[in-house]
Amino acid sequence: MNAEQKARIEALYLEMYERMLAYARASMDSDAMAEEMVQETFRIACQSPEKLCESANPQDWLILTLKHTIRNTQKNRINSRKLLEKYLLVRLREAASLEAANALFD
C-alpha cells in the first residue's frame with residue numbers, strides 16, 4: 001500500500017466508520033461483533049487497496065464488503081453450530097450406548 005492509498009483508506013475510515021458500525025449492529029448479536037465486522041472490512045480494504053481506491057464509489061465498495069463479511073461470518077457461525085450439534089449428538093448416543101452396556105453387566 002502506498003502513501004496515497006493509506007491516506008485515502010484512513011480518510012474513508014473516518015468518514016464511514018459510524019455508518020458501517022450502525023449497519024453491522026443491525027445484523028450482529030453484539031456491539032463487539034459489529035465492531036469486529038467493520039474492522040475486518042477495513043482489513044480487507046488494506047489488503048486490496050487498489051480495488052478500493054480505484055472504485056468508482058469507494059463508500060459503496062466498503063458497504064458491500066461489509067455486507068459480504070457479515071454474511072460470511074453468519075454462515076460460518078451457523079455451520080459451526082451445526083457441527084457442534086452433530087458432535088454433541090454423537091457423544092450423547094455414545095454415552096447412552098455405554099450406559100446401556102454397563103446396565104447389562106450390573
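Residues are numbered from 1 along each chain as its sequence is written, and side-chain values use heavy atoms, with hydrogens and water left out. Because the model is predicted, local features need pLDDT of at least 70 and side-chain atom pairs count only at pLDDT 80 or more, while totals for chains, interfaces and linings use all residues.

**Exercise 1.** Find how many residues the largest nonpolar core has, and which elements give two or more residues to this core.

*Solution.* Begin with the term: a nonpolar core is a set of buried Ala, Val, Leu, Ile, Met, Phe, Trp, Tyr and Cys residues joined through side-chain atoms within 4.5 Å, where buried means under 20% relative accessible area, exposed over 50% and partly exposed in between, with a 1.4 Å probe and protein chains only. By this rule the largest core has 20 residues, and those with the most contacts inside it include Met-20, Met-37 and Leu-52. Next, assign elements, using helices (H or I, at least four residues) and strands (E, at least two) as DSSP runs numbered from the N terminus. The elements that give two or more residues to this core are α1 (3-25), α2 (31-47) and α4 (58-105), and α1 gives the most, with seven residues.

**Exercise 2.** Describe the ring pairs that Tyr-13 forms with Tyr-17 and with Phe-42.

*Solution.* Rings of Phe, Tyr and Trp (its six-membered ring) pair if their centres lie within 6.5 Å; planes under 30 degrees apart count as stacked, over 60 as edge-to-face and the rest as tilted. By this rule the count comes to two aromatic pairs. The rings of Tyr-13 and Tyr-17 have centres 5.2 Å apart and planes at 40 degrees, so this pair is tilted. Tyr-13 is partly exposed at 29% relative accessible area, whereas Tyr-17 is buried at 16%. For Tyr-13 and Phe-42, the centres are 4.9 Å apart and the planes stand at 70 degrees, so this pair is edge-to-face. Since Tyr-13 lies in helix α1 and Phe-42 in helix α2, the pair ties together parts that are 29 residues apart in sequence.

**Exercise 3.** Determine which residues of α2 are buried and what they pack against.

*Solution.* First list the buried residues of α2, which are Met-33, Ala-34, Met-37, Val-38, Thr-41, Phe-42 and Ala-45. Then look at their surroundings: the buried residues of α2 pack against α1, α3 (49-53) and α4.

Notes. Contact = heavy atoms within 4.5 Å.
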